[in-house]
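I opened a new page for this structure.

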Amino acid sequence: ATEVILGTVNKTNMTRIWNKHKQPFDLAQGKANTPLKRKVFVAMSGGVDSSVAAALLKERGFIVIGVHIKSYNIDGCGERDAEDARRVAEQLNIPFYVFDFEQEYKDRVVQYMIDGYKNGITPNPDVMCNREIKFGLFLEKSLSLGADYVATGHYVRLKNNKLYQAKDSNKDQSYFLWTLTSGQLAHALFP
């Protein structure tokens with residue numbers, strides 16, 4: 001039998017092991033760079049795109065957590081959407097949670113839209129929602145709960161923490177994510 005010498009367990013070696021674990025996802029290979037599974041919280045709207053994103057990430061070996069973001073809703077469809085997302089999570093056999101950002105959505109997205117119209121500009125609430133809610137509050141909360149990444153069903157390409165237009169320009173959604181920083185994109189997956 002071959003004896004493997006691991007060396008002294010000290011702060012330097014533990015840091016080296018931890019840093020190896022924190023290596024980024026290798027998009028070319030479609031899997032994590034280490035044998036340790038990476039955890040991703042997927043924003044599940046209840047629609048097809050985010051459901052497929054969750055399925056693809058699970059297939060690629062990630063630990064997938066489904067999350068429905070409760071936001072401002074005036075017609076009652078939010079509850080149906082949450083139930084659809086929950087059913088998909090159940091089919092995928094992944095945990096599912098609801099993060100309630102309704103008040104924050106009103107304060108940061110709806111109020112932005114109202115103020116924009118009052119000031120004579122055409123606001124884009126989707127851009128603001130992505131910046132403030134999905135890649136603001138959702139990202140922060142997910143990371144605080146142990147996520148390595150967050151994912152959505154947006155059609156874009158991501159390379160070296162930079163956004164690029166989707167291969168299919170008819171489906172491209174990079175415009176809606178233009179305000180994201182490289183720090184936010186470092187924790188984002190768009191399968």
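**Strand pairing and cores**

I began with a bridge: Phe41 has Val150 of β6 as its partner. The model is a predicted one, and I read every entry below with that in mind.

I then looked up how the two strands run. β3 and β6 (residues 149-151) are parallel and joined by 3 bridges.

Next I checked the other pairing of interest. β3 also pairs with β4 (residues 63-70), again in the parallel sense, over 5 bridges. There I found Ala43 opposite Val67 of β4. Between β3 and β4 the chain passes through helix α2 (residues 48-59), and I noted this β-α-β crossover as right-handed.

I turned to the packing. The largest nonpolar core holds 26 residues, and Phe41 is listed with Phe101, Ile133, Phe135, Phe138 and Phe190 as having the most contacts inside it. At least two residues of this core come from each of β3, β4, α4 (102-118) and α5 (125-144). I recorded α5 as giving the largest share, 7 residues. As a general note, nonpolar side chains tend to be buried together in soluble globular proteins.

Which residues does Phe135 contact, leaving aside neighbours within four places in sequence? I listed Asn130, Val150, Thr152, Leu177, Leu180, Gln184, Ala188 and Phe190.

My last entry is another core, apart from the largest one, with 14 residues, including Met44, Ala54, Ala151 and Leu189.

Definitions and conventions. Residues numbered from 1 in each chain as written. Predicted model: local features only at pLDDT ≥ 70, side-chain atom pairs only at ≥ 80, totals over all residues. Heavy atoms only, no water. Pairing = 2+ DSSP bridges. Helix = DSSP H or I, 4+ residues; strand = E, 2+ residues; numbered from the N terminus. Right-handed = clockwise from strand over helix to strand, strands pointing away. Core = buried A, V, L, I, M, F, W, Y, C linked by side-chain atoms within 4.5 Å. Buried < 20%, exposed > 50% of the residue type's maximum accessible area, 1.4 Å probe, protein only. Contact = heavy atoms within 4.5 Å.
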